[in-house]
Amino acid sequence: MIGSTLARTTTYFTVSADDQYAVYPSFQYWTFPHGRLPRGWNFSQPARLASGPPPAHSNITSAVLARDQECIVSGHKDIMERAHLCPVQETVWFQTNNMSQYNQSLLLVASNTTDDMSNLIALKEDVRTAFDKKRMFAIVAKQGGWMVQFLQPSNSLDPEYHIIKPKLHPEVAPEHILTRFAWAVFPLLRPFLKQGPERKIRVFEKITDGFGEETETYMDADTIKKLFFPSRKSSKKGNETDDGAPDDGEPAGGRSVHETTTA
């Protein structure tokens with residue numbers, strides 16, 4: 001009988017009895033699983049009804065703060081800011097994966113598609129910093145509801161907010177919550193990909209303009225670093241993206257396309 005505590009110092013987790021399962025190299029290559037949310041993410045919840053007509057884009061921040069009324073994690077009402085679940089800098093990925101189908105407003109176009117009430121939450125300033133710039137935590141489905149899950153340690157926030165229920169408004173889309181979780185987790189995969197033996201990588205293979213398919217290819221660490229994590233030198237220290245997250249070396253602005261030629 002398996003106890004509640006892991007007795008061994010080294011433990012392995014295998015997916016579907018296949019230790020050579022393919023992985024996406026970064027968030028930009030990940031394809032959203034439309035209609036196939038992970039088990040537990042489609043739990044019964046109140047109907048996702050808009051709280052009113054979609055606000056004008058110029059009033060979106062005020063609308064989010066008025067809807068949530070407080071930081072959905074801490075409960076504080078002071079120094080609140082709006083935060084995106086799918087970050088603004090991932091707008092190309094958002095559009096490529098047709099994520100606007102989960103939006104409340106169908107009128108948002110171009111770079112504004114992520115500025116929808118279903119993709120926005122209110123957070124206190126320091127909590128938003130941990131959420132965006134540090135990717136310290138995400139919101140996940142647990143025990144039939146939403147929970148704050150810290151992915152990195154924090155001296156002040158982790159002990160207070162780890163595994164608590166956020167006060168999410170029903171119009172916030174589970175699909176956007178899952179997107180944020182993936183965006184926060186993918187950087188943690190880099191050490192696994194950039195060292196060790198060959199890894200099975202899943203990429204989008206361009207065939208002709210506008211068409212392609214996902215393929216799985218074994219690559220060594222040097223090839224992975226060259227294709228997916230090229231070093232980028234910047235004269236600016238602490239270079240930040242539009243959503244406040246640091247430029248961490250991932251391809252910016254959406255999915256890159258891995259092109260191959262055959263002899």
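Modeller: Arg180 has a relative accessibility of 1% and therefore counts as buried, a word that here means under 20% relative accessible area, with exposed meaning over 50% and partly exposed what lies in between (1.4 Å probe, protein chains only). This is a predicted model, in which local features need pLDDT of at least 70 and side-chain atom pairs count only at pLDDT 80 or more, while totals for chains, interfaces and linings use all residues. Residues are numbered from 1 along each chain as its sequence is written, and side-chain values use heavy atoms, with hydrogens and water left out.

The side chain of Arg180 meets that of Asp132 in a salt bridge of 2.7 Å, N to O; the term stands for a side-chain nitrogen of Lys or Arg within 4 Å of a carboxyl oxygen of Asp or Glu. Asp132 belongs to helix 3 and Arg180 to helix 5, so this pair ties together parts that are 48 residues apart in sequence. Helices (H or I, at least four residues) and strands (E, at least two) are DSSP runs, numbered from the N terminus.

Asp132 is itself buried, at a relative accessible area of 2%. Asp132 also forms a salt bridge with Arg128, where the closest N and O atoms are 3.0 Å apart. These two residues stand four apart in helix 3 (residues 125–132), and are therefore separated by about one helical turn. Arg128 is buried as well, with a relative accessible area of 19%. Through shared partners, salt bridges join Glu81, Arg128, Asp132 and Arg180 into one network.

A further salt bridge, 2.7 Å from N to O, connects Asp126 and Lys124. Asp126 is partly exposed at 36% relative accessibility, whereas Lys124 is buried at 16%. The count of salt bridges by this rule is 10.

The aromatic rings come next. Rings of Phe, Tyr and Trp (its six-membered ring) pair if their centres lie within 6.5 Å; planes under 30 degrees apart count as stacked, over 60 as edge-to-face and the rest as tilted. By this rule there are 12 aromatic pairs. In one of them, Phe27 and Phe186 are edge-to-face, with 6.5 Å from centre to centre and 70° between the planes. Phe27 lies in the segment before helix 1 (60–68) and Phe186 in the loop between helix 5 (174–185) and helix 6 (190–193), so the pair links parts 159 residues apart in sequence. Both Phe27 and Phe186 are buried.
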